[in-house]
Amino acid sequence: MNYRIEKDTMGEVKVPADKLWGAQTERSRNNFKIGPSASMPLEIVYGFAYLKKAAAYANCELEVLSKEKRDLIAKVCDEILEGKHDDQFPLVIWQTGSGTQSNMNVNEVVANRAHQIVGKVIGEGEKTIQPNDDVNKSQSSNDTFPTGMHIAAYKKVAETTIPGIIQLRNTLHKKSIEFKTVVKIGRTHLMDATPLTLGQEFSGYVSQLDHGLKALQHTLHHLSELALGGTAVGTGMNTPEGYDVLVAKYIAEFTDLPFITAENKFEALAAHDAIVETHGALKQLAVSLNKIANDIRMMASGPRSGIGEIIIPANEPGSSIMPGKVNPTQCEALTMVCAQVMGNDVAISVGGTQGHYELNVFKPMMASNILQSAQLIGDACVSFEEHCVRGIEPNHQVIKQLLNNSLMLVTALNTKIGYYKAAEIANTAHKNGTTLKEEAVNLGYVSAEDYDEWVKPENMVGTLK
């Protein structure tokens with residue numbers, strides 16, 4: 001392999017000649033061979049591209065960077081955002097907890113690519129743009145990485161997670177209206193309970209997602225606060241006056257998202273409570289989605305020897321040995337996603353505790369986990385809606401059979417003959433394998449006519465909305 005020599009404060013480093021990165025990236029690549037290479041999410045790289053471009057514009061406006069250098073930095077950042085240099089970011093999540101090497105990876109790529117743009121050969125002559133003095137001007141890894149985290153997480157939640165949840169929520173709402181007169185047996189403790197409608201059951205799922213969405217959206221203001229301008233410890237050392245507000249304004253402009261400068265930079269560097277908060281809402285949604293998926297797969301169980309109250313789409317063969325078997329695969333995929341998100345939340349919670357004095361040093365892991373969770377929930381909601389929920393139909397025959405066979409319909413007699421007589425009817429019917437009506441009449445507690453008048457499942461479901 002052909003190499004060129006790059007230098008940093010520790011000396012010379014051999015770097016593959018065809019790569020845009022420099023000495024610090026190469027050191028990190030060799031020092032942290034942990035897990036798959038290039039595992040640092042590209043969303044973080046793109047977050048850096050936005051902030052480096054914004055920093056160049058702010059620095060230029062504040063007269064500490066030339067327009068020529070601003071434009072070169074911006075041009076390379078735009079190329080990065082277009083995905084033209086994805087293969088130039090080889091670093092892993094498992095590096096320094098401040099993400100310093102990823103910050104320098106971006107600085108080096110921008111500097112070397114700028115050198116190319118002006119027609120020079122990388123490694124020959126003085127760099128046109130300096131990684132630290134120009135690309136990293138008015139910045140520190142300690143404030144750039146959390147800024148990149150917030151940009152990436154906010155964009156992912158806004159562009160992937162929330163639309164996916166809304167898509168699923170809206171279809172569940174449509175189904176709740178469609179099924180509002182389908183009376184079925186309820187279940188508590190996995191045992192028969194009093195009736196409700198299938199629509200009422202689905203309306204509970206809609207409400208769960210509505211509350212989860214509100215919780216997630218409520219966290220976005222904290223996530224919109226950017227650490228950039230705090231530099232090393234939050235004091236803003238080596239930044240021109242007004243830089244923090246101005247650079248946040250440019251980031252908001254470039255991303256078309258409502259980013260603002262963090263009111264307190266010490267909090268923004270030393271604690272990542274915003275990430276913990278947003279992921280807490282993602283965990284809440286995972287809990288809700290897990291319940292919804294499990295309910296649907298249990299109601300669809302069968303098709304002949306299970307509950308079988310609803311029919312879900314048959315998407316693919318379910319067994320390599322049992323012909324004709326079809327499984328609730330979308331439910332399984334969604335619940336696995338939920339398990340992953342809950343696990344990610346534990347890691348993020350632990351990471352959030354690692355803010356010692358002026359810096360949290362679990363940034364890359366926290367960033368990776370929240371991005372994975374936000375992506376998975378958004379994607380899984382879309383898949384679940386398209387390939388499962390959209391095609392759900394009631395199995396009216398089974399629903400009616402299970403409803404009429406339930407002993408808990410006897411609850412309608414409580415106010416007519418009392419709880420204990422009603423319980424005696426239910427217990428006797430269960431023991432003898434007879435119907436509630438038969439035993440109610442045999443025990444002499446009600447007439448056949450009164451039973452038919454009082455025990456009507458459709459009158460036991462409350463007000464239909």
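How much space lies in the largest cavity? About 80 Å³. I will come back to that after a word on the model.

This is a predicted model, in which local features need pLDDT of at least 70 and side-chain atom pairs count only at pLDDT 80 or more, while totals for chains, interfaces and linings use all residues. Residues are numbered from 1 along each chain as its sequence is written, and side-chain values use heavy atoms, with hydrogens and water left out.

Back to the cavities. The structure holds three of 30 Å³ or more. The search runs on a 1 Å grid over the protein atoms alone, and a cavity is a set of points where a 1.4 Å probe fits but cannot get out; lining residues have an atom within 4 Å of a point. Grid points are joined across faces, edges and corners, and the volume is the space filled by probe spheres set on the points. The largest cavity has 13 lining residues, and those nearest its centre are His150, Glu225, Glu267, Ala268 and Ala271. Two or more lining residues come from each of H6, strand S5 (225-226), helix H9 (265-270) and helix H10 (273-299). H6 gives the largest share, three residues. Helices here are DSSP runs of H or I with at least four residues, strands are runs of E with at least two, and both are numbered from the N terminus.

Next, salt bridges. The rule asks for a side-chain nitrogen of Lys or Arg within 4 Å of a carboxyl oxygen of Asp or Glu, and the count comes to 22. One of them pairs Lys156 with Glu43, with the closest N and O atoms 2.9 Å apart. Lys156 sits in helix H6 (residues 141-178) and Glu43 in helix H2 (residues 42-61), so this pair ties together parts 113 residues apart in sequence. Is Lys156 buried or exposed? At 11% relative accessibility, Lys156 counts as buried, whereas Glu43 is partly exposed at 28%. The cut-offs for relative accessible area are under 20% for buried and over 50% for exposed, with partly exposed in between, using a 1.4 Å probe and protein chains only.

A second bridge joins Asp71 to Lys67, at 3.1 Å between the closest N and O atoms. Both residues lie in helix H3 (residues 67-81), four residues apart, about one turn of the helix. Asp71 is partly exposed at 31% relative accessibility, and Lys67 is partly exposed at 48%.

Lys437 belongs to helix H16 (residues 436-442) and Asp452 to helix H17 (residues 448-454), so the pair ties together parts that are 15 residues apart in sequence. Lys437 is partly exposed, with a relative accessible area of 31%, and Asp452 is partly exposed at 38%. There is also a network of salt bridges that links Lys184, Arg187, Glu201 and Glu309.

Asp345 is in helix H11 (residues 329-352) and has 8% relative accessibility, so Asp345 counts as buried. Leaving out residues up to four places away in sequence, Asp345 touches His279, Gly280 and Lys283, where contact means heavy atoms within 4.5 Å.

Strand S1 (residues 3-8) and strand S2 (residues 11-16) run antiparallel and are joined by six bridges; pairing requires at least two bridges found by DSSP. A hairpin of two residues connects S1 to S2. Which residue of S2 is the bridge partner of Lys7? It is Glu12.

Some backbone details follow. The peptide bond from Gly302 to Pro303 is cis, with omega near 10°, and Pro303 is in the loop between H10 and strand S7 (310-311). His189 is not a glycine, yet has a positive phi of about 60°. His189 lies in the loop between strand S3 (183-188) and strand S4 (191-197) and is exposed, with a relative accessible area of 75%. Asn238 also has a positive phi, near 70°. Asn238 is in the loop between S5 and H8 and is exposed at 64%.

Last, the annotation. UniProt, in an unreviewed entry, lists residues 409-461 as "domain: Fumarase C C-terminal". UniProt positions are given in the numbering used here, feature names are shortened, and annotations may be inferred rather than shown by experiment. Over residues 409-461 the chain is 60% helix and 0% strand, with the end C-alpha atoms 11 Å apart.

Terms used:
1 Å grid on protein atoms, 1.4 Å probe; cavity = no way out; pocket = protein on both sides within 12 Å on 5 of 7 lines; lining within 4 Å.
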